[in-house]
Amino acid sequence: MTGTTRGDLLLPPGLMVIGATSMYLGAAVAVGLFDDLAPAAVAWLRIAGAAVVLLLWIRPPRAAWRPGRLRLAACFGLITAGMNISFYEALARLPMGTTVALEFLGPIAVAALGSRRPRDVAALLLAAVGVVLIADVRWQGTGAGVLFALGAAACWAGYIVLGKRVAVRGAGIEDLATGFAVAALVTSPLAWWVVRAAADGVAPMALVGQGLLLGVASTAVPYLLDQVVLRRVGQARFAILLALLPVTAAVIGLVVLAQVPRPLEAVGIAAVALAVALRTVDDDIPPG
């Protein structure tokens with residue numbers, strides 16, 4: 001095995017773990033904001049904070065704002081905003097590990113639907129079993145949470161497909177900045193809850209600071225790392241690497257939020273993660 005091949009195999013998983021840790025630590029911070037803000041408003045703070053940070057840091061050139069290029073970036077930003085809003089609405093109703101496991105059906109679809117090999121069919125069956133177990137454990141009183149998580153799953157699938165197109169175009173970091181700026185503007189009506197919270201006595205500067213923190217920890221860092229990984233691997237292998245996320249989320253949910261998975265829930269989370277792990281990576285690993 002060549003040095004390049006070892007790098008292709010080891011670097012992407014390492015970057016995914018770093019990104020997942022940053023993302024879900026940020027999500028743990030977001031949960032603390034749900035007492036003062038609607039989950040969708042917290043998601044808006046996250047995307048707006050990321051847009052501000054990336055625009056100031058990247059300073060996209062004029063070419064990045066041209067309609068032909070901005071169209072894809074805007075679609076990517078909007079699908080990401082939809083994923084974040086759905087995720088936070090689900091997170092307000094379900095434990096973190098459960099929310100991430102359900103959301104993970106998006107990557108499963110991307111990884112498995114492109115092939116009809118027996119291992120891919122087994123992955124889909126495992127995913128179905130995992131969802132049934134998770135929904136059976138937490139369906140009572142949380143049906144809306146499950147639906148929001150499934151909506152986030154659909155958006156996550158779109159995020160992978162559009163993210164790959166953005167990455168291979170060669171200016172992914174610039175397109176992240178412009179795309180998130182468009183998404184923040186389109187979803188700006190959600191800022192009404194932020195203004196209302198400030199009027200009710202929540203310190204405005206605290207909200208701004210937490211929005212920037214969420215933007216960096218939950219969006220800028222993990223999504224920038226995703227762009228690096230997507231340039232190195234194909235969609236299928238990227239979806240497989242995302243199997244590291246539910247494990248990371250469950251650990252953070254346990255350590256930071258004291259959310260202990262119930263037995264069947266833990267089995268369901270494991271089944272969903274295993275479903276993606278079964279998806280072959282042969283086509284995406286370079287020979288050597």
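Four helices each supply at least two residues of the lining of the largest cavity: H1 (3-33), H3 (67-91), H7 (143-168) and H10 (204-232). Helices here are DSSP runs (H or I, at least four residues), numbered from the N terminus. Lining residues have an atom within 4 Å of a cavity point, and a cavity is a set of points on a 1 Å grid over the protein atoms alone where a 1.4 Å probe fits but cannot get out.

This is a predicted model: local features need pLDDT of at least 70, side-chain atom pairs count only at pLDDT 80 or more, and totals for chains, interfaces and linings use all residues. Residues are numbered from 1 along each chain as its sequence is written, and side-chain values use heavy atoms, without hydrogens or water.

Of its 17 lining residues, Met23, Tyr24, Trp156, Tyr223 and Leu245 are the closest to the centre. Which helix gives the largest share of the lining? H1 does, with five residues.

Now helix H2, residues 39-58. H2 packs against H3 at an angle of about 140°, axes 8 Å apart. Axes are lines fitted to C-alpha atoms over the stretch in contact, and angles run from 0 to 180 degrees between N-to-C directions.

Who touches whom? On the H2 side, the contact (heavy atoms within 4.5 Å) includes Pro39, Arg46 and Ile47. On the H3 side, Thr80, Tyr88 and Glu89 are among the residues.

Technical notes
1 Å grid on protein atoms, 1.4 Å probe; cavity = no way out; pocket = protein on both sides within 12 Å on 5 of 7 lines; lining within 4 Å.
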